[in-house]
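Look over the sequence and the model before reading on.

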Amino acid sequence: MEERETARREIDLQPLRRILEERYRPRDHQEAQELVVGACQEAQHLYGWVPPQAAQLIAEHLGVTINRVYGLLTFYADFRTEPPGEHFLWLCHGAACYIAGSQKVVDALRTEYRLGEDGTTSDGLLTVHVFDGCLGACDLAPVAQLDHHEYIGQLDANRLRELVEELRACRRVGSNDETIE
């Protein structure tokens, strides 16, 4: 949790400022409006979320209102306006996954891991977003995507528990490595 609080405070805007100056030069107001989503994607790629300072920088750079930026940030489910946990899990809740039992996984997440309003476990290990669309891996249903790379198929409550324990074990190993250095 402390890392998430630190992430809220310490944001180096220079990398985003450089990207905006290099790639986001609107010729008119209409084009500026169209570039907001791409600029927000750049911020999220850099920071793992779109911090308020980055949203403000995007608004100022493109000459749009901060309300326009937040309107898009809150419209699209992909954007995060809170720092995520150490790991991020997209849980597919599309038709194939729903039929294959994704609701049981969602229920297990809510009851066993008491996710906060932002979908993050109380220890900051995992942020979960239930995706009502489709991750496009229906043959693996129910499926989840971990850290934007790894797909975990035929997911059920037991496999979810195993996954969380694996992530916690990796965290412990990582913290042991830090004490050795």
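The points below cover aromatic rings and then pockets. This is a predicted model: local features need pLDDT of at least 70, side-chain atom pairs count only at pLDDT 80 or more, and totals for chains, interfaces and linings use all residues. Residues are numbered from 1 along each chain as its sequence is written, and side-chain values use heavy atoms, without hydrogens and water.

**Aromatic rings**
- The structure holds four aromatic pairs (rings of Phe, Tyr and Trp, the last by its six-membered ring, with centres within 6.5 Å; planes under 30 degrees apart are stacked, over 60 edge-to-face, the rest tilted).
- Phe88 and Trp90 pair edge-to-face, 5.6 Å centre to centre, with 80° between the planes.
- Trp90 also pairs edge-to-face with Phe131, at 5.0 Å and 70°.
- Trp90 lies in strand S1 (residues 87–92) and Phe131 in strand S2 (residues 126–131), so this pair ties together parts 41 residues apart in sequence. Strands (E, at least two residues) and helices (H or I, at least four) are DSSP runs, numbered from the N terminus.
- Phe75, Tyr76 and Phe79 form one aromatic cluster.

**Burial**
- Trp90 has 7% relative accessibility, so it counts as buried; Phe131, at 22%, counts as partly exposed. Buried means under 20% relative accessible area, exposed over 50%, partly exposed in between (1.4 Å probe, protein chains only).

**Pocket linings**
- Seven polar, seven charged and 14 nonpolar residues line the largest pocket (a pocket is an open set of points on a 1 Å grid over the protein atoms alone, where a 1.4 Å probe fits, with protein on both sides within 12 Å along at least five of seven lines; lining residues have an atom within 4 Å of a point). Ala, Val, Leu, Ile, Met, Phe, Trp, Tyr, Cys and Pro count as nonpolar, Asp, Glu, Lys and Arg as charged, and the others, Gly among them, as polar.
- S2 supplies the largest share of that lining, five residues.
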